[in-house]
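Here is a short briefing on one protein chain.

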Amino acid sequence: MNVQTKTWVSIGPLTEIPRQGARCVKNGDMSIAVFRTSHDQIFALEDKCPHKNGPLSQGIVHDGCVTCPLHNWVISLETGAAQGADVGQTTTFEIKIEDGNVLLAL
Ligand code: FES
């Protein structure tokens with residue numbers, strides 16, 4: 001039987017993530033971008049654009065998406081999927097806020 005257990009890891013207060021911006025969290029060799037929208041929703045995606053691995057954490061957050069800083073692909077924060085005519089998907093992670101702290105499922 002293959003049971004995957006997830007662990008909720010605290011990555012600090014929501015207020016440490018800029019609105020319409022992101023913070024990076026390391027998990028081994030992987031970098032995870034934690035985004036905060038203008039309405040204080042949070043999302044976590046691998047910090048790697050599905051096009052050519054651009055750093056999504058440095059992109060512009062808007063309308064539930066982030067625009068990659070390298071070639072302007074638009075990636076859904078909720079699903080990690082490229083929008084429009086572009087095809088590709090970035091890994092997403094479960095994330096939640098408890099008592100003002102952000103918890104990431106790893
Ligand atoms: S690497 Fe993100 S759009 Fe090209």
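The chain has 0 helices and 10 strands. Both kinds of element are DSSP runs, numbered from the N terminus: helices are H or I with at least four residues, strands are E with at least two. This is a predicted model: local features need pLDDT of at least 70, side-chain atom pairs count only at pLDDT 80 or more, and totals for chains, interfaces and linings use all residues. Residues are numbered from 1 along each chain as its sequence is written.

**Overall shape**
- The radius of gyration is 13 Å, close to the 13 Å that the globule rule gives for 106 residues, so the chain is as compact as a globular protein of that length. The radius is taken over C-alpha atoms, and the rule is 2.2 Å times the number of residues to the power 0.38.
- Along its principal axes, the C-alpha trace spans about 40 × 35 × 20 Å.
- Buried residues account for 29% of the 106 residues. A residue is buried if 20 or more other C-beta atoms lie within 10 Å of its own, exposed if 12 or fewer, and partly exposed in between; C-beta atoms are placed from the backbone.
- Take the contacts between residues at least 6 apart in sequence: 40% of them join residues at least 24 apart. Two residues are in contact if their C-beta atoms, placed from the backbone, lie within 7 Å.

**Record**
- An unreviewed UniProt entry lists residues 8–104 as "domain: Rieske". UniProt positions follow the numbering used here, feature names are shortened, and annotations may be inferred rather than shown by experiment.
- The end C-alpha atoms of residues 8–104 lie 5 Å apart, and the span is 45% strand.

**Core**
- The largest nonpolar core has 23 residues. Such a core is a set of buried Ala, Val, Leu, Ile, Met, Phe, Trp, Tyr and Cys residues joined through C-beta atoms within 7 Å.
- Among the members that touch the most others are Phe 35, Val 66 and Ile 75.
- β2 (21–27), β3 (30–36), β4 (42–46), β6 (65–67) and β10 (101–105) each supply at least two core residues.
- Not counting residues up to four places away in sequence, Ile 75 touches partners including Cys 49, Leu 56 and Thr 90.

**Hairpins**
- β2 and β3 run antiparallel, joined by 7 bridges. Strands pair if DSSP finds at least two bridges between them.
- Lys 26 has Ser 31 in β3 as its bridge partner. In this hairpin, Gly 28 takes a positive phi near 65 degrees.
- β3 is mostly covered, with 5 of its 7 residues buried.
- β3 also pairs with β4, antiparallel, over 5 bridges. Their hairpin has 5 residues between the strands.
- β9 (95–98) pairs with β10 over 4 antiparallel bridges. In the turn of their hairpin, Asp 99 has a positive phi of about 50 degrees.

**The three-stranded sheet**
- An open sheet of 3 strands has the order β5-β6-β7, with antiparallel pairing.
- β5 (60–62) and β7 (74–76) stand at the edges with a single partner strand each, so one side of each has no neighbour in the sheet.
- His 62 has Cys 65 in β6 as its bridge partner.
- Gly 64 lies in the loop between β5 and β6. Gly 64 counts as partly exposed because 15 C-beta neighbours lie inside 10 Å.
- Not counting residues up to four places away in sequence, Gly 64 touches Ser 76, Leu 77 and Glu 78.
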